[in-house]
Amino acid sequence: RFIAKPCAITLGIQDSGPHRAQPNAILEKVFTSITKSPDGKRLEGLSKQLDWDVRKIQRWFRHRRNQDKPTTLTKFCESMWRFTFYLCIFFYGIRFLWTAPWFWDTRQCWYNYPFQPLTSRLYYYYILELAFYWSLMFSQFTDIKRKDFLIMFVHHLATIGLITFSYMNNMVRVGTLVLCLHDASDFLLEAAKLANYAKYQRLCDAFFMLFGVVFIVTRLGIYPFWILNTTLFESWELIGPYPSWWLFNGLLVTLQVLHVIWSYLIIRTASKALVRGKVSKDDRSDVESSSEEEDVTSNNTKGIFSTSSNGSNRLNGHVAGGQWTGE
């Protein structure tokens, strides 16, 4: 409110939403009481009742759905908040872990376990991360419901479960490594979204490409060969198969599966960017595509527009691409 909004206004971002639908009592009743996306049979019935063309009714419903979506200014403020948090918590974690012995030798995570001291810096690092992910969990139900709702719900559950579980079992040393590793790429994604809202397309694309490289290196390289190696093998070797070993590693492996899915989506989006010269449209956008695309897909010809808003490009709960118009 006091920082992000003035920054957005300075960059020329207006507090104006999508085109509003023309007032119509009959269509409004259908929208609020029956369905927000009528099928072909209902569209034909409404067309006869109102003496409107079917495509005009489709356009009305699209505008009506979009007018409830947050404005670009609102999304800029949200992304700036997340960017600020991810950036600050990442550098805090790096500064803290740089002097920690287990950062350089992961076997230190298990020496003298579970009798390892919990310092105040370690405690606040954990509590801040846990509070933030709980806030993401709650806001997911009040925010726009996106196509990746389920996968992000699983991600938040796994993350909160891991943070809580590792704290209760005093596995905070390896927990800090997981947290810092995940924060390494998130602020780059938010930076790309900020650049998109400000209409700096080249900067947006550059940040997204950098995000993709960091994400894949950390999640498909460092995470399995550094984190999973110590939790699966070094812990078994040094302290044996403790009772919660299976649950703890099960949650970590669940995260790795999500990493693989998101990495695939990132690579697919980056490939489109190289072909087209810029990052393609965000397929999980919360603002819908053109009326022509919607009309085609609603007439049972899905798949013609491979990058329509009915696609599945989504990653890390935020975006998988490009002009970022909806995200």
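Exposed here means over 50% relative accessible area, buried means under 20%, and partly exposed lies in between (1.4 Å probe, protein chains only). By that scale, Glu-237 is exposed, at 54% relative accessible area. Please keep in mind that this is a predicted model, in which local features need pLDDT of at least 70, side-chain atom pairs count only at pLDDT 80 or more, and totals for chains, interfaces and linings use all residues. Residues are numbered from 1 along each chain as its sequence is written, and side-chain values use heavy atoms, with hydrogens and water left out.

**Overall architecture**

- The protein chain has twelve helices and zero strands, where helices (H or I, at least four residues) and strands (E, at least two) are DSSP runs numbered from the N terminus.
- Of its 327 residues, 50% count as buried.
- Among contacts (heavy atoms within 4.5 Å) with a separation of 6 or more, 81% are between residues 24 or more positions apart.
- The chain exposes about 16,500 Å², and carbon and sulfur atoms supply 63% of that area; accessible areas come from the Shrake-Rupley method with a 1.4 Å probe, and for residues only the protein chains shown count as cover.

**Salt bridges**

- Side chains of opposite charge can pair when their charged atoms come close.
- The whole structure holds four salt bridges, each defined as a side-chain nitrogen of Lys or Arg within 4 Å of a carboxyl oxygen of Asp or Glu.
- One of them joins the side chains of Arg-82 and Glu-78 at 3.6 Å, N to O.
- These two residues sit four apart in helix α5 (residues 72–97), which means that about one helical turn separates them.
- Arg-82 is buried at 11% relative accessible area, whereas Glu-78 is partly exposed at 31%.
- Another bridge brings together the side chains of Arg-107 and Glu-237 at 3.2 Å, N to O.
- That pair links distant parts of the chain, 130 residues apart: Arg-107 is in the loop between α6 (101–104) and α7 (120–142), and Glu-237 is in helix α10 (residues 201–239).
- Arg-107 counts as partly exposed, with 24% relative accessibility.
- The side chains of Arg-219 and Asp-186 also form a salt bridge, at 3.6 Å, N to O.
- Since Arg-219 lies in helix α10 and Asp-186 in helix α9 (residues 172–197), this pair ties together parts 33 residues apart in sequence.
- Both partners are buried, Arg-219 at 1% relative accessibility and Asp-186 at 5% relative accessible area.

**A nonpolar surface patch**

- Tyr-92, Leu-118, Tyr-123, Tyr-124, Ile-127, Tyr-167 and Met-168 make a nonpolar surface patch of about 670 Å².
- Patches are made of residues with over 30% relative accessible area and no salt bridge; like charges are joined within 9 Å and nonpolar side chains (Val, Leu, Ile, Met, Phe, Trp, Tyr) within 5 Å.
- The elements giving two or more residues to the patch are α7 and α8 (149–168).
- Helix α7 provides the largest share, three residues, and Tyr-124 is found in that helix.

- Helix α3 (residues 40–50) has Leu-43, Leu-46, Ser-47 and Leu-50 as its buried residues.
- Seen down the axis of α3, these residues fall within an arc of 105 degrees, so they line one face of the helix; the arc is that of the directions from the helix axis to the C-beta atoms.
- The buried residues of α3 pack against α2 (25–33) and α4 (54–66).
- On the face turned away from the buried side, α3 carries the exposed residues Lys-41, Lys-48 and Gln-49.
- Just after α3, Asp-51 takes a positive phi of about 60 degrees.
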